[in-house]
Amino acid sequence: SELRPLPVPVWAEYWNGTAFARNTQDSCTVIGAVTLSGAAPCTLTPAVTGAGSTLSSGAGILSLAAPGVRGCADLTVTVPDWLKGRWSGATYTQDPTARATFGVFRDRVLYRRENY
């Protein structure tokens with residue numbers, strides 16, 4: 001809903017040689033500030049604010065404030081340099097990104113009844 005804060009789960013993973021696995025021993029990495037933008041196709045205004053957290057057993061929560069209007073925002077999480085990746089380029093200098101949506105998949109019907 002666009003009227004409620006959006007908790008976004010995050011976790012630290014490592015490559016174990018076969019697949020990515022959660023790093024349950026990570027309880028000290030700080031997920032920094034969350035930057036949100038309303039670039040096309042996401043044009044969410046007013047801007048959404050967010051805050052990171054410290055991981056506990058490799059998991060944490062990003063908390064995004066409720067915008068009050070339907071839409072989406074692209075978010076970028078500031079992480080330490082050793083956690084950056086090469087998501088769309090040749091160098092490992094990019095922070096992880098994702099898209100948050102508010103009120104897009106909600107059915108606004110309060111009461112529905114079928115008569116036979």
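**Before you start**

Residues are numbered from 1 along each chain as its sequence is written, and side-chain values use heavy atoms, with hydrogens and water left out. Because the model is predicted, local features need pLDDT of at least 70 and side-chain atom pairs count only at pLDDT 80 or more, while totals for chains, interfaces and linings use all residues.

**Stop 1: the core**

Select Val10, Ala12, Ile31, Val34, Leu55, Leu62, Leu64, Leu75, Val77, Val79, Ala100 and Phe102. These 12 residues are the largest nonpolar core. Such a core is a set of buried Ala, Val, Leu, Ile, Met, Phe, Trp, Tyr and Cys residues joined through side-chain atoms within 4.5 Å. Buried means under 20% relative accessible area, exposed over 50%, and partly exposed in between (1.4 Å probe, protein chains only).

Now colour strands E6 (59-64), E7 (71-77) and E8 (97-102). Each gives two or more residues to this core. Strands are DSSP runs of at least two residues, numbered from the N terminus.

**Stop 2: the salt bridge**

Next, select lysine 84 and aspartate 95. They form a salt bridge, with the closest N and O atoms 2.6 Å apart. The rule asks for a side-chain nitrogen of Lys or Arg within 4 Å of a carboxyl oxygen of Asp or Glu. A search of the whole structure finds one. Both partners sit in the loop between E7 and E8, 11 residues apart.

**Stop 3**

Select Trp11, Ala12, Glu13, Trp87 and Pro96. Of the 23 residues lining the largest pocket, these are the closest to its centre. Its volume is about 640 Å³. The lining has 18 nonpolar, three polar and two charged residues. Show strand E1 (6-11), strand E2 (13-15), E7 and E8, each of which supplies at least two lining residues. E1 gives the most, with four.

A pocket is an open set of points on a 1 Å grid where a 1.4 Å probe fits, with protein on both sides within 12 Å along at least five of seven lines; lining residues have an atom within 4 Å of a point.

**Stop 4: the aromatic pair**

Finish with tryptophan 15 and phenylalanine 20. They pair edge-to-face, 5.1 Å centre to centre and 70° between the planes. Ring centres must lie within 6.5 Å, and planes over 60 degrees apart count as edge-to-face. Tryptophan 15 is exposed at 52%, and phenylalanine 20 is exposed at 55%.

Note on methods. Grid points are joined across faces, edges and corners, and a volume is the space filled by probe spheres set on the points. Ala, Val, Leu, Ile, Met, Phe, Trp, Tyr, Cys and Pro count as nonpolar, Asp, Glu, Lys and Arg as charged, and the others, Gly among them, as polar. Rings of Phe, Tyr and Trp (its six-membered ring) pair if their centres lie within 6.5 Å; planes under 30 degrees apart count as stacked, over 60 as edge-to-face and the rest as tilted.
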